[in-house]
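This report walks through selected parts of a model. The sequence and structure come next, followed by the description.

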Amino acid sequence: MNPSMIKKGTLAVFMLGIALFPLFSTNDYYIHMAQMIGITVIVTQGLNLLSGYAGQISLGHAGIYAIGAYAAAIVTTNYELPFLAGLAASIVCSAIVGLLIGVPALRVKGHYLAMVTIGAGIIIEKLMHEGGEFTGGFAGINGVTSPEMFGFSLTSTGLYYMIIISMVLITLLLWNLTRTRPGRAFLALRDSETAAEAMGISRYRYKLIAFVLSSVITGIGGNMYAHTNNYVSPDSFTPHVSIFLLVMVILGGLGTVIGPIIGTVLLYLLPELLKDFDQYHLIIYGAILLISIIVLPGGIASLLPKAYRPKEHLINEEELMNMGLEPYEPGLRERTENQENVILRVCGLTKRFSGVVANDGVTMSVERGTIHALIGPNGSGKTTCLHSISGLYQFDEGDVLFEGQSIASLKLHEKIRSGMARTFQHAQIFKELTVLENVMIGEHSLRKTGFVSGALLLPHVLKEEKESQKEALRILEWFGMKPYAFAKAGDLPYGYQKILEIVRAMAAKPKLLILDEPAAGLTNTEIEQLEEILLKLRKAGITILLVEHDMRLIMKVSDAITVLDSGRVIAEGTPAEIQNNPQVIQAYLGERKAG
Amino acid sequence: MTSSFVLQLLFAGLTMGSVYALVAIAYNIIFSTTHIINFATGEFVMLGALITLSFVTGMNFPTLIAIPIAMILVAIVGVIVERIAYRPVQGVKVAGHSIAWIITTLAFSIILQNVAMLIWGKEFLPVPPPFGSSTISFMGAAIDTNQLYIFLAALILALLIEILLHKTYIGMMIKATSVNRRAAEYMGIRTTFVIALSFAISGGVSAVAGILVSPLTFASSTMGLLIGLKGFAVAIMGGLGSGRGAILAGLILGICEVFAGSFISPGYRDIVAFVLLIAVLALKPDGLFGEAIQEKA
């Protein structure tokens, strides 16, 4: 039996099992437990989207869970409005709270982000305590009715089915989302924010969407919690609950679609198994967590061989490899009216770092269709200049014109749409993704799939995905990297990672390609390959702005060279002119001392 | 509202704040060598309080002997946490993140809390003031000497730790390990030892924080969570790794809390820390004293 049949069989048995469960179990306790597991899977799937895919670890999700639950309880019990009004309230309130947490969370990373989410969780819990009659204080709100829709009242079994169907739907939608363009943008941000932005993915937009989407899903879980338990109280949403939610996701497998399901089921059943140990059970629980993360950091999902896991992408490797590909020609984004000879003009660019002047009135122009090198001794401000041009730094004075238009106000992620793409000094690739996916992210700014159509996996989305895969493979073939298409990018040798960055940038069809030390860390053979690539790209009409230390390479490929020293332009000209320029020689070798 | 009442509140705030500063310093010491947050710090505080209480009221040890014993015991727990929850998961990645330590230290905190629950139960136990208590009058305000002692003890310990970190050889080893662990190793510093030491020092400092705070708040096996999180909030507000920042942010938080508790509602007391925290981070993402570094790509 092949893995895909086993996978389908297991899925069928699982679905049949949860569909028929109420027929076999008449015990209310078990039905209630199954309901709670279903609700918790919804919540952990929401958390997984934020923490596993978008890379924003949240230790405050119980707070958002609480918002969904209280919104439902307040609207349906205090105001006696129908179930659907409560559901709408849960969704709207959790979205707003998600946005409120997302905004400060945008400014911080790592430990600081963990603290913001913990803080938000505690603030929400305490507000529930202090809400007086509105939230019922310590006692919470009792007597939340079972959901009623279109004249039906859903009690135990009916409610179970509602929860299970929602759980399956939400899991499916998220699974689709993470396998299409918007989901890849999340993964790109998770692996390298800078590179993702350079590929046209707005960090602010996508992170906020991740917070809001994750909160809405969690809020829906909260809504069902209120109607299932018929009461809400602050005790159900303590910081401990936030921790347990995250633990479920990590134990199951962070950033995998089945992780939250495995983790939630296990951590719900574990206390049942440990019932005999009563007072020791939390200690054993802690010990199991401790050991499992040490032994199995990828979570239980990582125990399954890859072929037996749900696919984390829509790529059919075999079909793609055997597909006849039309040859690729490096193309430009649609041509503009502007055909001026100078494509990039930097005028008097000055950038200061708290007193240190890194770039002092740098002026240079790059001509269309040439390879223009920017050289200078270490610390002369070359990379700073590239960062200012590409929007990573805000410069203090001067202007940058691209095809005659000022691009000074454009942010890093907006530059790619005007037709410039860049690479980084230390290869910034998306290490956890495959080479092919890396290149597909390069196409981000050229593709259209949005969140709704991606989650629904509409036919045109599927078509666009296939096109995108094919295009990525064609580009990889042109660069001689097709054999590595399905390798994990982080496993490539460093030289190939640097080439991959160029491939990825080319996938955006830029007019101007900015390369920051592409030859650094490459072997001699690799540098020869790089040289060939650069010449081929120029032949195809791509303009290249190059910062590089390898003089042999520069002298061979450049049409024009600008030399920086201490942040100032000290020379400009053809390779031959630069080689004989006394000022340049002095900058590189220092003053000639007599005697 | 009399000025003496305000003064009294101010002093109560400074006292709580000095304890928060100590807890924040306990986080900072481990952060500086490992760049992780030890989520079991709150439980160290709890253990310090309960162990001392048992020695003093259960076995009639003099307080001044019970305190160092508790410090040493909690320091040992710190080393155990380093061995089991930090060392095996160093650099282990979960979905591209180095976050295994979040789970291991949280798991340890669950274990420690529940072991403590088995030994001491769940009740809030009253703790006698370690240095006795009487009331003195200061500018018309009645001030409990117990508070004064706690404040002074916490502040002195905080300063001692600052001296330890900045003026001694141990401090230099910790700083070297913090800045570049591999380079420190090349220079002959046994960084695994330095890291274990930082967990031990952090355990000892947390224990003192617990001993000092318990006469004010009572001691219980569940006290660790909130004080631990507030200490973390203070460490973040002060800028992770900054001792001066921790002391200042701790005192600010202590004062804000007491005033919010008495002017708004006691229930809002615990919210203050986290509202303040989010406000600080929204305005200055690296904390009050953290250095803003423009990221190099």
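In chain A of this predicted model, A:Val563 stands opposite A:Ala571 in strand 14 of chain A. Strand 13 (residues 560-565) of chain A and strand 14 of chain A run antiparallel and are joined by 5 bridges. Helix 23 (residues 582-589) of chain A lies across strand 13 and strand 14 of chain A, at about 130 degrees to strand 14 of chain A.

Both strands belong to an open sheet of 6 strands in chain A, with the order 10-11-12-7-13-14 and mixed pairing. Strand 10 (420-422) and strand 14 (568-573) of chain A each have a single partner strand, so one side of each is left without a neighbour in the sheet. From one strand to the next, the twist averages 15 degrees. Helix 20 (residues 524-539) of chain A packs on this sheet and makes about 150 degrees with the direction of strand 12 of chain A. The strands that helix 20 of chain A touches are listed below.

| Strand of chain A | Residues |
|---|---|
| Strand 7 | 371-375 |
| Strand 11 | 512-516 |
| Strand 12 | 543-547 |

Chain B has 11 helices and 2 strands. Strand 1 (residues 135-138) of chain B runs antiparallel to strand 2 (residues 141-144) of chain B, with 4 bridges joining them. B:Ile136 stands opposite B:Ile143 in strand 2 of chain B. The hairpin has 2 residues between the strands, and B:Met139 takes a positive phi near 50 degrees.

A compact globule of 297 residues would have a radius of gyration near 19 Å, and chain B agrees with 19 Å. Buried residues make up 54% of the 297 residues in chain B.

Note on methods. Residues numbered from 1 in each chain as written. Chains lettered and ligands numbered in written order. Predicted model: local features only at pLDDT ≥ 70, side-chain atom pairs only at ≥ 80, totals over all residues. Pairing = 2+ DSSP bridges. Rg over C-alpha atoms; globule rule 2.2 N^0.38 Å. Buried ≥ 20, exposed ≤ 12 C-beta atoms within 10 Å, placed from the backbone. Axes fitted to C-alpha atoms, helices over the stretch in contact; angles between N-to-C directions. Contact = placed C-beta atoms within 7 Å.
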